[in-house]
Amino acid sequence: MGRNCRDVSDKEVSSSADKRFAEECKKLRLYYDVVGRGAWWWLMDDSVATIGAQLSHEGYCVLDSFLLPADASSLRHEVQNAHHDGRLLPAGLINGKIATTSEASYADAMTRGDVCGWFEGAWSYGDGLETYLVKLGTLISELATPVPAIKAVTSRSQAMVACYPGGGARYVKHVDNDGKHTHCKKRVLTALLYLNDWRQGDGGELVIFHENGSERRVVEPVAGRVLLFWSDWRTPHEVRPAQKPRYAITIWLLNSAVDDKVKQEAAEFSAASCELSGVDPMASVAIDASGTVVFDAAGLPEESTVVGEVDRLAYSWQSLPDDGWQLYVEQKTIDCARLDVSSAQIRLESEGKTLCLPLPRGCAPAAPKWSRKCGRLSIAFHPADSTPNTASSLTNQLRSGGWGLADGFLPGPEADSLRGILTRVSSRVRMCDTDVQRALLDCARLLRSLVASMNLQSVQGLELEGPWLRVYPAQPENDQFYKSRGERRLTLIVNLNPFWTPNHGGGLRIGDTGDIIQPLHGRLIVLSKEVTYEVLPTLVACHAVAFWFPDR
């Protein structure tokens, strides 16, 4: 791959300004490589000034060797693993949300043929993505001085990891910010990182156009190369048909002050029923003064697991005849949520509210449907053959660091049922109640089966103990809620927080490394005796169930 982390070719350069910029960057890279700063050549003062001038005058710039060959190769492998794990889906999700009718043309395979996934803090394939994001953020911060327009940037998007799978997959001419659609209007600057062992004839080049429609610049998707350009009307561009798999990571630098509460077109991407088959979305649910979901002790309907509501976001599960599940999300807003579906969980964001749910066990999601009229998102999950090898993954994590996590360990409907019981136990429900015992026994059975599959010598002959039902109240003034004391051979914690966001706190901090594990809904955290940890203070009530193997 190293041969592709190179300078732009004469064929690519279509203006004298581009050629001067390419030559100047080549000199800067060579100089800073000699003095031992080649990995950060673009951060040096004279480099920042050169890059800033090119972006200001031309509206785009191409930076070769932004990542060194080894780093680009490593990140490419991470992205390929995510692709192979099914984390990249057909790009009918425009900007991380479901397309409305007016956007549906973007989702057509003849118009846009890539598969993509949106990632932020849920990347388990290595540290290459985080390293790149840190470097990009550093560059953007430095460019704010020579390019004053960048001072309008207040945040960035999630990382959109995309693959054009070959066979002619393309993206027709478009702009990233058309000034109309809610999630596009905030885009100021587009940053593309390419990760391809690219050769002539592979296709997938990005073409930037003049206003009159003629080609202005052709950019080959070479590994380690970063392309920056303004997201608005100044940079119409297309992706030519790719003949081989083409990987890229896109970040949009955003101006969050832009008013994005604009009414979208009165249309729907796909027809969805405006009825919940007789299920009342607020049945058996109440919200206490702190915003915590409180379930009625009478229980939930057998045919539907109604979960609850936080502010303007509510959801429910309904069983399907094929042993699958239907998820309904009531938004009570005119805009569809941002949506990210992985192999383990589904994450939605709507007007500052976040919903993160593990997928039902042994099921795969069908195409989401959004009803603007009803403010309702529906996703069907049907039985599927493939299931992740959780035991193998956790075993490897324990061997390398003494702890591990598995997203989606407790499936959506089961996690919601257990959380409902946990919120009730402290008030109206007794531990001896049949439904409480059944749910906890089911969870313990899953954990025993998992640990048996892991074949851990450290717990051979020991019995699983518990549960410890944990409800950490909202007390941000506390230094910590709990600190481990090493009295347990192995601790297993199942988190139950569907509406958790990073600003809520309540994470679990590993003592030696300082890593903070987010208490996502359905996430299992496994910790060996040698690992110390503490639970951090929280702004909202956090829920978890813990089991353990004693140290005796």
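This is a predicted model: local features need pLDDT of at least 70, side-chain atom pairs count only at pLDDT 80 or more; totals for chains, interfaces and linings use all residues.
Local features are reported at pLDDT of at least 70 and side-chain atom pairs only at pLDDT 80 or more, whereas totals for chains, interfaces and linings use all residues. Residues are numbered from 1 along each chain as its sequence is written, and side-chain values use heavy atoms, with hydrogens and water left out.

Helices (H or I, at least four residues) and strands (E, at least two) are DSSP runs numbered from the N terminus, and two strands are taken to pair if DSSP finds at least two bridges between them. An open sheet is formed by four strands in the order S8-S13-S10-S11, with antiparallel pairing. Its edges are strand S8 (169-174) and strand S11 (215-219), each of which pairs on one side only. From one strand to the next, the twist averages 25°. Within this sheet, strand S10 (residues 206-209) is joined to S11 by four bridges in the antiparallel sense, and Val207 stands opposite Val218 in S11. Strands of a sheet pair through backbone hydrogen bonds, either parallel or antiparallel.

The structure contains 10 aromatic pairs. Rings of Phe, Tyr and Trp (its six-membered ring) are paired if their centres lie within 6.5 Å; planes under 30 degrees apart count as stacked, over 60 as edge-to-face and the rest as tilted. One of the pairs is that of Phe66 and Tyr132, which is edge-to-face, at 6.0 Å centre to centre and with 85° between the planes. This pair links distant parts of the chain, 66 residues apart: Phe66 belongs to the loop between strand S1 (60-63) and helix H3 (69-84), and Tyr132 to helix H5 (residues 128-143). With buried defined as under 20% relative accessible area, exposed as over 50% and partly exposed as in between (1.4 Å probe, protein chains only), Phe66 is buried because its relative accessibility is 1%, and Tyr132 is buried because its value is 0%. Trp123 and Tyr125 have ring centres 5.2 Å apart and planes at 65°, so this pair is also edge-to-face; both residues are buried.

Phe66 and Tyr132 also belong to one aromatic cluster with Trp40 and Trp42. A charge is placed over a ring if NZ of Lys or CZ of Arg is within 6 Å of the ring centre and within 35 degrees of the ring normal. Lys135 lies over the face of Trp40 at 4.8 Å from the ring centre, and Arg187 lies over the face of Trp252 at 3.7 Å.

Helix H2 (residues 45-58) packs against H5 at an angle of about 75°, with the axes 10 Å apart. H2 is therefore roughly perpendicular to H5, a class that covers angles of 65 to 115 degrees. The contact (heavy atoms within 4.5 Å) is made by Val48, Ile51 and Gly52 of H2 and by Leu139, Glu142 and Leu143 of H5.

Most residues other than glycine have a negative phi, and most peptide bonds are trans. Ser65, in the loop between S1 and H3, has a positive phi of about 60° although it is not a glycine; Ser65 is buried because its relative accessibility is 13%. Asp323, in the loop between strand S18 (313-319) and strand S19 (325-330), has a positive phi of about 70°. Asp323 is exposed because its relative accessibility is 65%. A cis peptide bond, with omega of about 5°, joins Gly466 and Pro467, and Pro467 is located in strand S27 (residues 465-472).

How values were computed
Axes are lines fitted to C-alpha atoms, for helices over the stretch in contact, and angles run from 0 to 180 degrees between N-to-C directions. Angles under 35 degrees count as roughly parallel, over 145 as roughly antiparallel, 65 to 115 as roughly perpendicular and the rest as oblique.
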